[in-house]
Amino acid sequence: MVVDQNAIDGIVSAEQAMYGPFFGSLGVTAAMAFAAAGSAYGTAKAGTGIASMAVARPDLVMKAIIPVVMAGIVAIYGLVVAVIVSGKVEPGGVNYTINSGFSQFAGGLVCGVCGLGAGYAIGIAGDAGVRALSQQPRMFVGMILILIFAEVLGLYANNFTYRMSYDLETAERAAYAPFFGYMGAASAQIFTVLGAAYGTAKSAVGICSMGVMRPELIMKSVIPVIMAGIIGIYGLVVAMVLKGKVTSASQGYDLNKGFAHLAAGLTCGLCGLGAGYAIGIVGDAGVRGTAQQPRLFVGMILILIFSEVLGLYGMIVALILGTS
């Protein structure tokens, strides 16, 4: 096969374009801004519940401040990623190509939006949790478990790493092809985490409401929250698989691969979003119903399983698309 050196030089020039750092800098902004927004919502929403609860139970204020602390940690995730990415952004050239900018933009976006979802879940769960805690002290352990599951949604993003390699031995490729691949990996993680966040938050409201009257059922009722958290793991698996397959255009990564990886990420992410929505609705109604009729428990689990497999279907199709 004859390699057109002029075509390779064109690809290299495009990859060294000066707008490469633009995407890297945008990744820094996305990581910090979205994570801070999620943290702000979590702090404000949980703070509202604490202020309401403290009127009748001022002795529980220090205990109830935990959701605010956990919401604040979400912003630290964004800060860490933003500092790391900003330290890697350089002027466009051989050492910093457009592929580097794409990868760092995707990483920052994933961190930020996952933090936004985590902050949302912490805020909703924290608000409902501290209100329930003021009426039923045994709700404390259940609230902490729910908050932990909400918090780890922000941690998923920190598994995104950035590869900045370079090689000239290839045929002609579009320099922007890796952008679609990185967006596919980001979509898989972002949408599944948003689905998991909604499922966690919606289920938590039902658990906190039910836990006031039936505290002995709290640990049993955490199952919808666990199943919602698993949705985020589906996205993490697909995102890591796709990220490992995205390389620079000069290494042979073409538009066909980029489109396939984008389709894979969107398939996994949107299926996970739907699964998380279903789990949240079913979990909220299910735990309330189980508190009044214990025989509903098995039926609730079956419905949750049918909701969960929607995300699994998306992951299977995404892995087929991403590895073919």
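Q: Before we start, what counts as a helix here?
A: Helices are DSSP runs of H or I with at least four residues, numbered from the N terminus. The model itself is predicted.

Q: With that settled, where does Val 69 lie?
A: Val 69 lies in helix 4, which spans residues 66–88.

Q: Is Val 69 buried, exposed or partly exposed?
A: Val 69 has a relative accessible area of 47%.

Q: Changing topic: how do helix 2 and helix 5 pack?
A: Helix 2 (residues 20–54) packs against helix 5 at an angle of about 0°, and their axes are 7 Å apart. Angles under 35 degrees count as roughly parallel, and these two helices are therefore roughly parallel to each other.

Q: What is the make-up of that contact by class?
A: The contact of helix 2 with helix 5 has 21 nonpolar, 17 polar and three charged residues.

Q: What about helix 5 and helix 7?
A: The axes of helix 5 (residues 98–135) and helix 7 (residues 177–213) cross at roughly 0° and come within 9 Å. Helix 5 and helix 7 are therefore roughly parallel as well.

Q: How many charged residues are in that one?
A: The contact of helix 5 with helix 7 has no charged residues; its residues are 28 nonpolar and seven polar.

Terms used. Residues numbered from 1 in each chain as written. Predicted model: local features only at pLDDT ≥ 70, side-chain atom pairs only at ≥ 80, totals over all residues. Heavy atoms only, no water. Axes fitted to C-alpha atoms, helices over the stretch in contact; angles between N-to-C directions. Parallel < 35°, antiparallel > 145°, perpendicular 65-115°, else oblique. Nonpolar A, V, L, I, M, F, W, Y, C, P; charged D, E, K, R; others polar. Buried < 20%, exposed > 50% of the residue type's maximum accessible area, 1.4 Å probe, protein only.
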